[in-house]
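Please keep the sequence and the structure in view while reading.

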Amino acid sequence: MKTIGVLTSGGDAPGMNAAIRAVVRAGIFNGFRMMGIRQGYSGLINGDIDDMNLSSVADIIHRGGTMLRSARSDEFKTKEGFEKALNVLEVFGIDGLVVLGGDGTLKGARELSNSGIPTIGIPCTIDNDCGFSDFTIGFFTAVETVVDAISKIRDTSTSHGRANVIEVMGRHCGDIALYAGLAGGAESIIVPEVDFNIDEVCKKAIQGKNRGKLHHIIVLAEGVGNAYDVSKSIEEKTGIDTRVTILGYIQRGGNPTSYDRIIASKMGNKAIELLKEGKTDRALGIKCNHIVDIDIKEALEMKKEFDIDMYNTARILSI
């Protein structure tokens, strides 16, 4: 193996740039020619590829987003598109790949591995929905963004004596809501993994108001339901003025936390080590603060376990 390519695919996540930097610099340190593939698998099909050197990844460890840009590619999922990608890899002399992204990105990595291209996947997604890893790159930065928003919303909610439903990302995984809700002192946390009773939410809001509390923060994962419907129900049942804040893409941006930078750097270096050893079809993860690698097929089949103990802790502390 002489040349290794790196790409980012799917939704961006803070820490992707730190991982790109680690992959490129570790690759150069180990004597590989490094190439950056822009716009994910779409860019791979279209040959949007350039050489990368030490200067290419200077001053990016602290930046959000991805310098290689990202895109989703339906064409890559077709036989014709996939064959184009393989031809481009051959033309550019790329004989190893490191791909950064979520489950969809890893599925593409597995197909490339099965076609003879040594490929390593690094989990980058703010949702933290990869069952094979305790945490994914970008998750804790997103949590910090939400916690900051909760603090600011609490200030204005207190000033006006209001409740506020804060919708965060997480269609199938409620980890952002759970971690940010606990850290931010939310009164109610609504996630896809646990059935919720709107009457219990309302009861807690009324009890809080009766003892003089001037605010009530409800953190809602987007996969549960419509935030405006929840807000309307609370207002109708309690008489408390209730507003909605949808944080949206603000959760994907911003400077990555030190933790995200650290695990991104460690995973990037580990990816090069595995390729140098001739390994392929491996997904990297972090377990008990150690970087691990696992067969991608096995990784994709592992279900994310919701931390019900943490959820119960948040429920107890928010009485």
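## Terms and model

On a 1 Å grid over the protein atoms alone, a cavity is a set of points where a 1.4 Å probe fits but cannot get out, whereas a pocket is an open set with protein on both sides within 12 Å along at least five of seven lines, and lining residues have an atom within 4 Å of a point. Grid points are joined across faces, edges and corners, and a volume is the space filled by probe spheres set on the points.

The model is predicted, with local features needing pLDDT of at least 70 and side-chain atom pairs counting only at pLDDT 80 or more, while totals for chains, interfaces and linings use all residues. Residues are numbered from 1 along each chain as its sequence is written, and side-chain values use heavy atoms, with hydrogens and water left out.

## The cavity

The structure holds one cavity of 30 Å³ or more, and the space in the largest cavity is about 30 Å³. Its lining is made up of Glu187, Lys204, Gly208, Arg211, Lys213, His216, Ser318 and Ile319. By class, this lining has one nonpolar, three polar and four charged residues, where Ala, Val, Leu, Ile, Met, Phe, Trp, Tyr, Cys and Pro count as nonpolar, Asp, Glu, Lys and Arg as charged, and the others, Gly among them, as polar.

An automatic or database domain assignment sets the domain bounds, and the protein is divided into domain 1 (3-138 + 256-301) and domain 2 (139-252). Taken over C-alpha atoms, the centres of domain 1 and domain 2 are 34 Å apart, and their contact takes 17 residues from domain 1 and 13 residues from domain 2, contact meaning heavy atoms within 4.5 Å.

The largest pocket lies between the two domains, because domain 1 and domain 2 both give residues to its lining. This pocket holds about 970 Å³ of space and is lined by 37 residues, with Gly10, Gly11, Arg72, Asp103 and Gly104 nearest its centre. Two or more lining residues come from each of helix 4 (103-114) and strand 6 (163-168), and helix 4 gives the largest share, six residues; helices (H or I, at least four residues) and strands (E, at least two) are DSSP runs, numbered from the N terminus. The lining comprises eleven nonpolar, 13 polar and 13 charged residues.

## The second largest pocket

The second largest pocket has about 330 Å³ of space, and of its 18 lining residues the closest to its centre are Ile189, Glu200, Lys204, Tyr311 and Arg315. Strand 7 (188-190), helix 7 (198-210) and helix 11 (308-317) are the elements that give two or more residues to this lining, the largest share, four residues, coming from helix 11.

## Helix packing

Helix 6 (residues 175-184) packs against helix 11 at an angle of about 35°, with the axes 10 Å apart; axes are lines fitted to C-alpha atoms, for helices over the stretch in contact, and angles run from 0 to 180 degrees between N-to-C directions. Leu178, Tyr179 and Leu182 in helix 6 meet Met310, Tyr311, Ala314 and Leu317 in helix 11, a contact with seven nonpolar, no polar and no charged residues.

Helix 1 (residues 16-29) and helix 9 (residues 258-276) also pack at about 35°, with their axes 7 Å apart. Ala18, Ala19, Ala22, Val23, Ala26 and Gly27 in helix 1 meet Arg261, Ala264, Ser265, Gly268, Asn269 and Ile272 in helix 9.
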